[in-house]
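Please open the model in your viewer and keep the selection tool at hand. The stops below are meant to be taken in order.

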Amino acid sequence: MNLIPLLLVIPLAWALLSLLLPRLPLGLLALAGIVLQLGTAAMLWNDVQIHGASRYAIGDWVAPLGITLVADGLTVTLLAMTALIAVVCAFYAIFYLRAYEKERRYFWPLFWFLLAALNGIWLAGDLFNLYVGLELVTLAAVGMVTLSGERHALAAGLRYLYAALLGSLAYLLGVALLYGAYGTLDLGQLSSLLEANLITQLALALMTFGLLMKTAVFPLHSWLPPAHGGALAPVSAILSALVVKSSFYILARIWMDAGNALMPVSAAQLLGALGALAIIWGGWQAFRQSEIKMLVAYSTVAQLGYLMLLFPLAIGQSQQSAILAWQGTMLHLLSHGFAKAAMFLAVGTLVLAVGKKRVVDMAGISAKMPLALFAFGLASVSLMGLPPSGGFNAKWLLMQSAIQSGQWHWVAVLLAGSLITASYVFRVFSVSFQKDADPQIRPTHPALDLSALLLAAIAIALGFGAAIPVELLTLPEEML
Amino acid sequence: MSFWLPLLVLATSLVAALFIFTLPEERHALRGSFNLLAALVKIALVGWMIIAVANQQTFETRFTLIGDIDFVLRADALSLLFAGLSSLLWLFTTIYAMGYLEGTPQRSRFFGFFSLCVASTMGVSMAGNLFTFLIFFEMLTLSTYPLVVHKGTAEALRAGRTYLFYTIGGGVALLVGIASLHALVGHTEFIETGVLRDVSPDLYPALTAIFILLIAGLGVKAAIVPLHGWLPAAMVAPAPVSALLHAVAVVKAGAFGVVRVIYNVFGVEFSYQLGVLVPLAAVASFTIIWGSIQALRQSDIKKRLAFSTVSQVSYIILGLSLFGPIGTMGGLVHLLHQGIMKVTLFFCAGIFAETLGITRIRDLNGVGKRMPLTSAAFTIGAFGMIGIPPVAGFISKWYLGWGAMEAGLHWVLGVLLVSSLLNAAYFLPVIYRLWFARPAPEWPDEQIPAGRFETNPWLLIPTVITAAFSLGAGVFAAAAWSPLSWAELIAVREYLS
C-alpha cells in the first residue's frame, strides 16, 4: 500500500470530524490522529531511506494532466518534523486550552486543516499544487491567529492576511506566466525546459517576491511579529516552526530543483544580504522588545534570515560548497523548528503562570518555574548556535560552505548572528535570576513543561544525531 | 568496555545533574548522598582508566556527527591528567559546597549546574578532536553562568554579563579558528606530536593566523592578559564557585585547550618551526608579572587570589611554550599543582568569610590562634604559590626554570624570579597577619562560634585534605604516582614518539 495519500487523508478526515462533531473529546481524538500520522510519516521515512524517492499519481493520471505527489529525502524529513512538532503541540494544547474555553471550539479543525495543507506542500511536485497548499496554509494560519477574537488579534490576523494574499497573488502571476510559456507546471519537467528569457526571469522574480513576503524575509517581515507574538502559545509554536518554513521550502525547491542555472550570482548575493539584514535587524528588535512573546517572534524574523544564506552559498559556487550549504540550511530549518516551537511553548507556560506578558515580569522566575526556564535555555542554545545542538551543526555546515567558497563575509554574518541572539536570550535569563523579586504564580500543569522540554531536547539531540537527517537531505539530482 | 568507559565517566556527573534538577528543593539529604556517590564513582572510574593508560591501553568512544566529523572521547595520558584533577576536586568542592550553602535557597539549581559544569570539564579533558572539545568548552560556559549569578544580586548579574561577554566572544574566536583549520586540513583530530607537520609551507601564514585565533579563544578562559577581565568580576560568586572556576573548571579548560592545540594539533616541533612559541612565552610572561602586580594592589582576599590566578595559570602556558620536555613537564605539572593549591586558598577565604565575616586582608590579624587549621592550610597554599619547598609549587617552578635554561631562554628565569618576589610580597604579609599580628578586639561578623572544631567541619575537612595534597605532591614528587611522574610520562610520549 502506498503511504503517501494517507498523509493527506488522515488530517483531512480529522479536520472534518472535529468540525462536524465538536462534542467529541477533540483533544484526545487529535492526539490519536496525530500519532497515526507520525507513524505513517515514520514508515514513509524508512521506506525512502531504503528504496529512495517515490512518486504517487492521484487517480493514476500522470503530469502534466494529473496531480503527482513526490516523496524524496527532504520531503519525508519535513513530514516527520511536522508530525513530531504537531504531536507535542497537540499534547500541550490539550492542557493549555483548558484556560481558553471559547477558543477551543475552532482550534482543532484549524489545526487539522493546517496540517493537511502543510503535508500537501511538502509532497507537491508541481507549482500549482504548491499554490493551493500555500493558500490553504494561509487561511488556516490566519484563522488560528484570530482565534481569540480580541481586537489586537483581529488586527494582526488581518495584516497577516493582506500580506499573505499579496504574496500569493505575485506567486500565482509567476505560475501563470510559466504555464503560458512552457505548458507544464511539473517541477521535474520544468527543470529541463526553463530557458533564460525575459518571461522566465519575470515569472521567477514574481514568484520569489511572493514567497519572500510569505516567509517574512526582511524587509517584508513586519506582519510576522504581531501575528506570531499575539497568538495562543501552541499556535505561535506551529506558525514559527512550520508555517513560515513552507513558503521557504517552495522557494528553495524552485531555485534548486528547476531554476538553479538561471539565478545570477548578484541576485543570490542580494538574497543573502536580505538574510543578513534580517539576522541583524530581527535580533536588534528582539533585544528591544518589552513583551517576552514579541521577543521570541522577532527572533523568528532573525532566524529566517539564515535560510536565505542558502542562495549565495550554493549558487555559482563549487558543488561541494553547494552541498554543504544545502545541508546546513535544511538542518537549520529543522533545528529552528524544534527549538522555536519549544521556546514558544515554554514562554507560553511562563506567561500563563505569571499572568503578565513583559520580560521584566519574569523577574525571579527561575526559582518558581525551573523546568520551563530550562526548556527555554535548551532552545536558546540551539538558536544561538552553540554546541551541542542542531543549530550549531547547521551553522558549522554553513560556515564550512562559506569558508570553502572563500566568502568570509557570510562567516562574519553567521558569527554576528550568534552574538546578537546571545544578547537577547540572556536578557531573559538575567531577569529570571533576579533575587529580590518574588513573582506570584498560578500553578500550571506539568505536561506543559514536559512538552517544551521534549521539543528542546530534540533540538539538542540534533547536535548528536544530525547525521541521520543530513544524509537524507542530499541535493536534488540536477545539482549532483 | 574501552568504548563505553569514557561515556560512563561523562555520564556519572550528567546523570547526577539531571537527577538533582528533578529533585524537589527540600530533599537535601538525598541530593547530597547522590551527589557524593556520583563523585566517588567517577573517581573510581577515572582511577581505573589511569592504571590502564599507564599500561599502554587506550579508551575511545567514537561516532559520526555530520559528514566527515566525528564525536570522539578518548582517554589518553594527557586527558587523564585533567580528568583526574577535576574528578578529585569535584568531590572536595561538593563536600565544601554542601557545608557552605547550608540553609540557603536554590540548592537544587546550584548543585545541578555544578554537576553539569563538571560533566563539561570531563568532556573537555577527554575530547579527542577540536570539534568535540568545542562542544564541551561551550557547554562549560553555559553551565557556569547560573553559578556565577547564583546570588541574584545586581552585582552578581552584572558579573554574569561580563562573564558571558568575554566567554562567548572567546567561543566565537575559537569557532572560527576550528572551522578554518577544518576547511584547511580536513580534520581536527588530536594526535600525539600533532597533525600539521606535513602541510605545505604556503599555508604557514594561514596557520599562524589560525593559531592566534585558537589561542585567543582559549586565552579568554585561561585569563591571559588582556582577556582576563571577567575573572576578577566573577569573584562575587559563592566561594565554592570561585574555587571551581579558578582551580578546576574554567581557567583550566582554557589552559588545557592550549596544551591540546600546541601538542596535539600543531605539534610542539611544528609550533616551534612556525615561530609562535616565543611570542606566546612573552605574552605569558607579561601576564605573570602583570597579574602579580595587580594582586599586590588588592585589599580584598578573594580579589587578591583572583589576580594571583591570572598570574599562576600563565605559568602553565609559559611551560608549554618552552620548547623541550622539561618545560613541558613544568607546565603540565603546574596544571595539577595550581589546582590543588588554589582550591585550598579559596576554601580558606570562604571559611574566613563564613566563620568570622572576614573578607578584607587587614581584618585577618591574629586569626591563626582562633582558626589554626584553616590558617595553616592557607599558609601551605600561599607557600606553594610563592614556590617555597617542599610545597608542590616549588616543583613547578624548578622545572619551569630548568626548562627555560634547556630552551636557551634565559630571560624567562628573570621573569620567574621577579614573579616569585612579587608572590612573596603579596602573600607573606597575609601570613604575617594571620600568625603574628595582634587580633582586633572583635571579629567583623562572627557566624560560627568556636566549638570542637574551629568552624563547620564540612568546610574544614576538604580544606585540610587539599592542603595535605599540596604538601604531598611536593614531598613525594619522585614517587611513582605523583603528578610529576604522570607529567613525565606525557612528556616522554610527546617528544620520543
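Predicted model: local features only at pLDDT ≥ 70, side-chain atom pairs only at ≥ 80, totals over all residues.

Residues are numbered from 1 along each chain as its sequence is written, chains are lettered from A and ligands numbered from 1 in the order in which they are written, and side-chain values use heavy atoms, with hydrogens and water left out.

**Chain A as a whole**

Select chain A and colour it by secondary structure: it has 20 helices and 2 strands, where helices (H or I, at least four residues) and strands (E, at least two) are DSSP runs numbered from the N terminus. The radius of gyration of chain A is 21 Å, close to the 23 Å of the globule rule for 480 residues, so the chain is as compact as a globular protein of that length; the radius is taken over C-alpha atoms, and the rule is 2.2 Å times the number of residues to the power 0.38. Along its principal axes the C-alpha trace spans about 65 × 55 × 45 Å. Buried residues make up 65% of the 480 residues in chain A, with buried meaning under 20% relative accessible area, exposed over 50% and partly exposed in between (1.4 Å probe, protein chains only).

**The annotated spans**

Next select residues 124–421 of chain A, which UniProt, in an unreviewed entry, lists as "domain: NADH:quinone oxidoreductase/Mrp antiporter transmembrane"; such annotations may be inferred rather than shown by experiment. This span of chain A is 80% helix and 0% strand, and its end C-alpha atoms are 34 Å apart. In chain B, UniProt lists residues 127–422 under "domain: NADH:quinone oxidoreductase/Mrp antiporter transmembrane", also from an unreviewed entry, and there the span is 77% helix and 0% strand, with end C-alpha atoms 36 Å apart.

Go to Thr349(A) in helix H14 (residues 319–354), which is buried with a relative accessible area of 0%. Leaving aside neighbours within four places in sequence, Thr349(A) is in contact (heavy atoms within 4.5 Å) with Tyr92(A), Met369(A), Thr444(A), Leu448(A) and Asp449(A). Then move to Thr215(A) in helix H8 (residues 198–215), which counts as buried at 1% relative accessibility. With neighbours within four places again left aside, the contacts of Thr215(A) include Val244(A) and Leu304(A).

**Cis peptide bonds**

Zoom to the loop between helix H16 (370–384) and helix H17 (390–404) of chain A, where Pro388(A) is placed; the peptide bond from Pro387(A) to Pro388(A) is cis, with omega near -10°. In chain B, Pro390(B) is in the loop between helix H16 (372–386) and helix H17 (392–407), and the bond from Pro389(B) to Pro390(B) is cis, with omega near 5°.

**Last stops in chain B**

Finish at Gln106(B), in the loop between helix H3 (77–100) and helix H4 (107–126): phi is near 65°, and Gln106(B) is buried, with a relative accessible area of 18%.
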